[in-house]
Amino acid sequence: MDHRSAAGGGTAPPPLPTGNGPGTGTGTGIGGFVFNAADEERRRGVRRMKATATGLLVLVALVYALAKWAQDTGAGPWAGYVAAAAEAGMVGALADWFAVTALFRRPLGLPIPHTAIIPTKKDQLGVSLGEFVGENFLSADVVKARLHALGIGGRLGAWLAEPAHADRVTAELAAALRGALTVLRDSDVQAVVGEAITRRAESAEIAPGMGKTLERVVADGGHHRAVDLLCAKAHDWLVTHGESVMDAVQGGAPGWTPRFVDRKIGDRVYKELLRFVTEMRDMPQHPARGAVDRFLTDFAADLQSDTETRAKVERLKSEILARGEVQDVIASAWASIRSMILSAAEDEQSELRLRVRSSLISLGARLATDGRLQDKLEGWIEGAVVYVVTTYRTEVTSLITDTVAGWDAEHTSRKIEAHIGRDLQFIRINGTVVGALAGLLIYSVSRAFGA
């Protein structure tokens, strides 16, 4: 049939151009759509079905005309039956042609109310579609039920338990980590790390913690080795620098004392000091050691409870942190950390990747068998998805309504018609056949009752 609409009437729009488009296959984007080779094939199928339905309408019209002619020429009662069936078939075909055509355009171009439904009601259909999706697909109950039916925990566990899959996930995580470290600028990260460490160190009071640590060390006798080392080093130094000690004592003597007296005093002081250090080194129970224990115990208590001592420690901490060389060390820590992470991420046999792989396999094995862990994971996933769905449902449905609103009305009709028009032509064919049968039945009943 010539240049009729795909629904069976009117002038057909010119063929859509084809070419390389952004969609699948070849096509061109029109009115927000991409008409590709598959769409063109569908449109040809619609035209073929349209020709079939219209040809059937022409056929029953011809049969009607011949049957009426035969009836007028006295051919016999059968002509009336055929004419009635053909007449009803024409009525059914025309009614269904009107109904199908009215979906996409105005039949014969006439401004009949409630026709061209898709072009004129496109925006309302988009809103209704968005509401339908929001109520029936993006509701919390539907999402929970669907996710629960999937059994994500068990499936994920069984998948991760496979060493090959764990290797793949490990490799992907390593690649993502390398990519992230490559994108980050060292100067920015160093500044952030330095500021974070400094701020954390300044905000946290260290004196009480130092006091508790020192208290435990003294209580356990852990400081005795340090005292032993100091005593041994002091003894060795005195043995090596005896002359220096005596010279220092003599240099501090008054000028009016005889030189031999100064030497005697220096020698005596040196010997007493050496004896004291030697005894302290060799005698675990030396009184001086007990004095050191008491001093450390008192100092540990002051660090925890004495306000003045704690304030002095905090001032000393702030002074140390403020030094440029300390800040440089803190900032440069990122370079070492980054280098270490990159090296571990690139090496398949690194401790980091081996531990990640082992952890993934272990997690997968637990997920595959531990029902409680599966329920916990699925609960987290369901909660997260439900939160996203309920929070952004309006945005999702508005994406549908806004997209539909942005479509060109004419080309929206063409796209929809290309997909469902072939089936709609069967409505016309069925209408012709059913109408003919109904007309034949009505005429037969009327004749049977003498009408």
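Okay, let's start at Leu296: leaving aside residues up to four places away in sequence, Leu296 touches Leu214, Val218 and His223, where contact means heavy atoms within 4.5 Å. Quick caveat: this is a predicted model, so local features need pLDDT of at least 70 and side-chain atom pairs count only at pLDDT 80 or more, while totals for chains, interfaces and linings use all residues. Numbering runs from 1 along each chain as its sequence is written, and side-chain values use heavy atoms, with hydrogens and water left out.

Back to Leu296. Together with Ala207, Leu214, Val218, Ala300, Leu303 and Val313, Leu296 makes up the largest nonpolar core, 7 residues in all. By nonpolar core I mean buried Ala, Val, Leu, Ile, Met, Phe, Trp, Tyr and Cys residues joined through side-chain atoms within 4.5 Å; buried is under 20% relative accessible area, with a 1.4 Å probe and protein chains only. Helix H9 (207-220) and helix H13 (287-305) each supply at least two residues of this core, helices being DSSP runs of H or I, at least four residues, numbered from the N terminus.

There's a second, separate core of 6 residues, including Leu138, Leu147, Val386 and Val389. Val386 and Val389 are also among the buried residues of H17, and that buried set packs against helices H4 (122-136), H5 (140-150), H6 (152-160) and H16 (351-369).

Now, where does H17 bend? Helix H17 (residues 371-406) bends by about 65 degrees at Tyr392, taking the angle between axes fitted to the seven residues ending there and the seven starting there. At the start of H17, a side-chain oxygen of Asp370 comes to within 3.0 Å of the backbone nitrogen of Arg372.

Technical notes:
Buried < 20%, exposed > 50% of the residue type's maximum accessible area, 1.4 Å probe, protein only. Polar contact = N/O pair within 3.5 Å; in protein donor to acceptor, adjacent residues only side chain to side chain.
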